[in-house]
Amino acid sequence: MDYVPIGQKFKINDRVNKKQNAGLSVRTSSITGTITEVKEKKNIRGRTCYYYTVKWPDRTSEHAQHILVPTTPEKLNQLH
């Protein structure tokens, strides 16, 4: 299977939700956060992975790109 890079999905000031694993299904949090920083990190195979610092209403945290989803339907449609 060939490696297909995804690229950066989000930009600073994009609004996002965090995916939540609910057993057999995945849902999104009702709390919306704002991207404040983007970091590129290399994985063990030397491929670029994107991590985002997200400002939530009560805290700030860093998340891998695959755990975040856009809050706006327009942005969600652009990713598919």
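Trainee: Is Ser-61 buried or exposed?
Mentor: Ser-61 counts as buried, at 18% relative accessibility. Buried means under 20% relative accessible area, exposed means over 50%, and partly exposed lies in between, with a 1.4 Å probe and protein chains only. This is a predicted model, in which local features need pLDDT of at least 70 and side-chain atom pairs count only at pLDDT 80 or more, while totals for chains, interfaces and linings use all residues. Residues are numbered from 1 along each chain as its sequence is written, and side-chain values use heavy atoms, with hydrogens and water left out.

Trainee: Where is Ser-61 placed?
Mentor: Ser-61 belongs to strand β5, residues 60–64. Strands (E, at least two residues) and helices (H or I, at least four) are DSSP runs, numbered from the N terminus.

Trainee: And what does the side chain of Ser-61 make a polar contact with?
Mentor: The partner is the side chain of His-63, at 2.8 Å. A polar contact is a pair of N or O atoms within 3.5 Å; within protein, one must be able to donate a hydrogen and the other to accept it, and residues adjacent in sequence count only if both atoms are side-chain atoms.

Trainee: Which residues is Ser-61 in contact with, leaving aside its neighbours within four places in sequence?
Mentor: They are Tyr-52, Thr-53, Val-54 and Trp-56, where contact means heavy atoms within 4.5 Å.

Trainee: Which residues make up the largest nonpolar core?
Mentor: Eight residues make up that core: Phe-10, Val-16, Ile-35, Tyr-50, Tyr-52, Val-54, Trp-56 and Leu-68. Strand β4 (residues 48–55) gives the largest share, three residues. A nonpolar core is a set of buried Ala, Val, Leu, Ile, Met, Phe, Trp, Tyr and Cys residues joined through side-chain atoms within 4.5 Å.

Trainee: How many aromatic pairs are there?
Mentor: The count comes to one aromatic pair. Phe-10 and Tyr-52 form it, edge-to-face, with 5.4 Å centre to centre and 80 degrees between the planes. Rings of Phe, Tyr and Trp (its six-membered ring) pair if their centres lie within 6.5 Å; planes under 30 degrees apart count as stacked, over 60 as edge-to-face and the rest as tilted.

Trainee: What does the pair tie together?
Mentor: Phe-10 lies in the segment before β1 (15–22) and Tyr-52 in strand β4, so the pair ties together parts that are 42 residues apart in sequence. Phe-10 is buried, with a relative accessible area of 1%, and Tyr-52 is buried at 0%.

Trainee: Changing topic, how many helices and strands does the chain have?
Mentor: The chain has one helix and six strands, in the pattern β-β-β-β-β-β-α along the sequence. Of its 80 residues, 26% count as buried.

Trainee: What about Asn-13, buried or exposed?
Mentor: Asn-13 is exposed, with a relative accessible area of 58%, and its place is in the segment before β1. Asn-13 has a positive phi of about 80 degrees although it is not a glycine. Most residues other than glycine have a negative phi.

Trainee: Where is Pro-5 found?
Mentor: Pro-5 is also in the segment before β1 and counts as exposed, at 55% relative accessibility.
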